[in-house]
Amino acid sequence: MADLYTHSFSDNVRLAKSKRLIAPVDGTYNLIRIPRFALLKQVWLWVITAYSGGAPEVLVGFMGNGESADEDGFMTNIECDPTVTGLKTSMAGTAKWADGKYFGDAAGAITLKTTKGTTAGTLIVFADYSVVH
């Protein structure tokens, strides 16, 4: 029998919080840096003040890791629903990386894309990840 024991362990568990986005203008924002070798386990979006009017959209994704940016990789507008206040989670969502992502090729960042509709609200994004060396 061959021994294939690992020597890669994590003693770094991190929970990161973005800055508070108060009535952000339409666009994409880089919010939280994710280091190389991080296993991102979950992303949350806290809609503190709801968006109103028009057809607002909020997407939570990423850039980096040697890949093309994915603007809704963690949370689509369905999970984010910026017209309703509350804490929303990526877990078990419909986005490609809703249940997590490993940044093994390069560092990256969590991004948020917003289209305000008539009036933008207030948002904060959180990320739970561990760095495994």
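**Fold, core and charged pairs**

Author: From the N terminus on, the chain runs β-β-β-β-β-β-α-β-β-β-β, where helices (H or I, at least four residues) and strands (E, at least two) are DSSP runs numbered from the N terminus. The model is predicted: local features need pLDDT of at least 70, side-chain atom pairs count only at pLDDT 80 or more, and totals for chains, interfaces and linings use all residues. Residues are numbered from 1 along each chain as its sequence is written, and side-chain values use heavy atoms, with hydrogens and water left out.

Reader: How many helices and strands are there in the chain?

Author: The C-alpha trace spans about 65 × 25 × 25 Å along its principal axes. Within the chain, the count is 1 helix and 10 strands.

Reader: What share of the 133 residues in the chain is buried?

Author: Buried means under 20% relative accessible area, exposed over 50%, and partly exposed in between (1.4 Å probe, protein chains only). Of the 133 residues in the chain, the buried share is 42%.

Reader: Which residues touch the most other members of the largest nonpolar core?

Author: A nonpolar core is a set of buried Ala, Val, Leu, Ile, Met, Phe, Trp, Tyr and Cys residues joined through side-chain atoms within 4.5 Å. The residues in question belong to a core of 25, and they are Leu40, Leu45, Phe74 and Ile110. At least two residues of this core come from each of β3 (27-34), β4, β5 (57-64), β6, β9 and β10. To name them again, the members touching the most others are Leu40, Leu45, Phe74 and Ile110.

Reader: With which residues is Phe74 in contact, leaving aside its neighbours within four places in sequence?

Author: Contact means heavy atoms within 4.5 Å. With those neighbours left aside, the partners of Phe74 are Leu40, Val43, Val60, Gly61, Phe62, Ser90, Ala95, Trp97, Ala98, Lys101, Phe103 and Ile110.

Reader: How many salt bridges does the structure hold?

Author: Side chains of opposite charge can pair when their charged atoms come close. A salt bridge is a side-chain nitrogen of Lys or Arg within 4 Å of a carboxyl oxygen of Asp or Glu. By that criterion the structure holds 3.

Reader: How far apart in sequence are the parts that Lys41 and Asp128 tie together?

Author: Lys41 and Asp128 form a salt bridge, with their closest N and O atoms 3.6 Å apart. Lys41 lies in strand β4 (residues 38-49) and Asp128 in strand β10 (residues 122-131), so the pair joins parts separated in sequence by 87 residues.

Reader: Is Lys101, which meets Glu67 in a salt bridge, buried or exposed?

Author: The Lys101 and Glu67 side chains meet at 2.8 Å, N to O. Lys101 lies in strand β8 (residues 101-103) and Glu67 in strand β6 (residues 67-75), so the pair ties together parts 34 residues apart in sequence. Glu67 is partly exposed at 35% relative accessible area. Lys101, at 4%, is buried.

Reader: Which residue of strand β6 is linked to Lys113?

Author: Lys113 takes part in a salt bridge of 3.4 Å, N to O, with Glu71. Lys113 is in strand β9 (residues 108-115), 42 residues from its partner. At 24% relative accessibility, Lys113 counts as partly exposed. The β6 residue is Glu71.

Reader: Where does Ala92 lie?

Author: Ala92 is not a glycine, yet its phi is positive, near 60°. At 69% relative accessibility, Ala92 counts as exposed. Its place is the loop between β7 and β8.
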